Amino acid sequence: MPPSSLTPGKRFPDLDLPDHEGRPRRLADLPGGDPLVLCFSRGWWCPKEQRFLRALVELQSEFEVAYARIVVVSVDEPGVQAAFRAGLGARFLFLSDAERRWLGPLELEETTDTTHAPYQPYVFSLRPDLSIHAAYAGYWSFGRPTLEELRTDMRAISRDIRPDWEL
Amino acid sequence: MAGHADWHWRGRRFGIDPRCLADPAAGRPAVLGAWAHVCASPDPEARVLFDATEVQQARRDALAWWFARLGDDLVCLSTLSLDASHYGGAITVARTPDAFADDPFARIFPGTIERTDAFAAVLPPPGPVLERYSGAPWPAGSFAPA
């Protein structure tokens, strides 16, 4: 179960973190009126994360024409994220919490990994105002959303926020 | 803010991401002494559909590596629209011209380098959206309620 503050209907906190180029960002600035998949990832070293992010890269060619966004948060340094992102062929944003400032406030610490102190791999489907539509606990890999589930989430949010959905 | 502003270059009028144009009164101070790489032609007939594959791919390249290649030198980037459907070029503004030889938009219309004080700093779009919002020049605009 996600922390009680990160359940559907609640507003996700407005994270302030540098992106993979080290530029300061605020989460609230990123949706720009579009739905957003927010993925907390352990880090580049984890084979499960590599596989899941390769799947998100498959999805980006749909998102790029469907007005939906993807953001990944990990504890990797920005320079490491930039290299990992380039290797994946990703065209979406990574946010770096190398200082682990948001781990505690979000209650998403993965306490079983004492080497890296990473995030638990949670995925959230967010509305443009950062309210949570769906949350997926990915500590066990099969807990993560399938691409079809993310498509379904984006469809549900888009249907709700686009006044001309049925033109 | 509207989805585009007018910008004039060598006798042509283009639509540009309005956030790129410096306007201190609106909180967009100019980056002085910047360098603009204008990948456009003064030929009034020079135009390509925004949906053309080469224009799509240049936008993908911008998200994949061009913004990263520019790094801290980046000031702003906008495609240049002629109308809701047609691409007239792109402009990348940077603090040095060092990376301009790699500009993916120069594959469509070759670039011209100019010194400028007219532009403001704008963060790169988060991606991966390539499509335009109601015909605005990418990456401007939004479908968010005003």
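Guide: The radius of gyration is taken over C-alpha atoms, and the globule rule sets it at 2.2 Å times the number of residues to the power 0.38. This is a predicted model, in which local features need pLDDT of at least 70 and side-chain atom pairs count only at pLDDT 80 or more, while totals for chains, interfaces and linings use all residues. Residues are numbered from 1 along each chain as its sequence is written, chains are lettered from A and ligands numbered from 1 in the order in which they are written, and side-chain values use heavy atoms, without hydrogens and water.

Visitor: What radius of gyration does chain A have, with its 167 residues?
Guide: The C-alpha trace of chain A spans about 50 × 35 × 30 Å along its principal axes. A compact globule of 167 residues would have a radius of gyration near 15 Å. Chain A agrees with that, at 15 Å.

Visitor: In what order do the elements of chain A run from the N terminus on?
Guide: Helices (H or I, at least four residues) and strands (E, at least two) are DSSP runs, numbered from the N terminus. Chain A has four helices and seven strands. Their order is β-β-β-α-β-α-β-α-β-β-α.

Visitor: What share of the contacts in chain A between residues at least 6 apart in sequence join residues at least 24 apart?
Guide: A contact means heavy atoms within 4.5 Å. Among the contacts of chain A that span at least 6 positions, those joining residues at least 24 apart make up 64%.

Visitor: Which side chain does the side chain of Ser125(A) meet in a polar contact?
Guide: Ser125(A) is in strand β6, residues 122–126, and counts as buried because its relative accessibility is 0%. Leaving out residues up to four places away in sequence, it touches residues including Leu36(A), His133(A), Tyr136(A) and Met154(A). A polar contact is a pair of N or O atoms within 3.5 Å; within protein, one must be able to donate a hydrogen and the other to accept it, and residues adjacent in sequence count only if both atoms are side-chain atoms. At 2.7 Å, the partner of Ser125(A) is Asp153(A).

Visitor: Where does Glu107(A) lie, and what is its phi?
Guide: Most residues other than glycine have a negative phi. Arg100(A), in the loop between β5 (93–96) and α3 (103–106), has a positive phi near 60° and is partly exposed at 31% relative accessible area. Glu107(A) is partly exposed at 47%. It lies in the loop between α3 and β6, and its phi is near 55°.

Visitor: How far is the C-alpha atom of Gly87(A) from that of Gly143(A)?
Guide: Gly87(A) belongs to helix α2, residues 78–88, and counts as exposed because its relative accessibility is 68%. Gly143(A) is 56 residues from Gly87(A) along the chain. The separation of their C-alpha atoms is 25 Å.

Visitor: What is the radius of gyration of chain B?
Guide: Chain B has one helix and seven strands, in the order β-β-β-β-α-β-β-β. The globule rule gives 15 Å for its 146 residues, and the value for chain B is close to that, so the chain is as compact as a globular protein of that length. Its radius of gyration is 14 Å.

Visitor: How far apart do the centres of the positive and negative side chains of chain B lie?
Guide: Lys and Arg count as positive and Asp and Glu as negative, without His and the chain ends; each charge is placed at NZ of Lys, CZ of Arg, CG of Asp or CD of Glu. Chain B has 13 positive and 17 negative side chains. The distance between the centres of the two sets is 2 Å.

Visitor: Which residue does a cis peptide bond join to Trp138(B)?
Guide: Most peptide bonds are trans. The bond from Gly127(B) to Pro128(B) is cis, with omega near -5°, and Pro128(B) is in the segment after β7 (111–116). In the bond at Trp138(B), omega is about 5°.

Terms used:
Buried means under 20% relative accessible area, exposed over 50%, partly exposed in between (1.4 Å probe, protein chains only).
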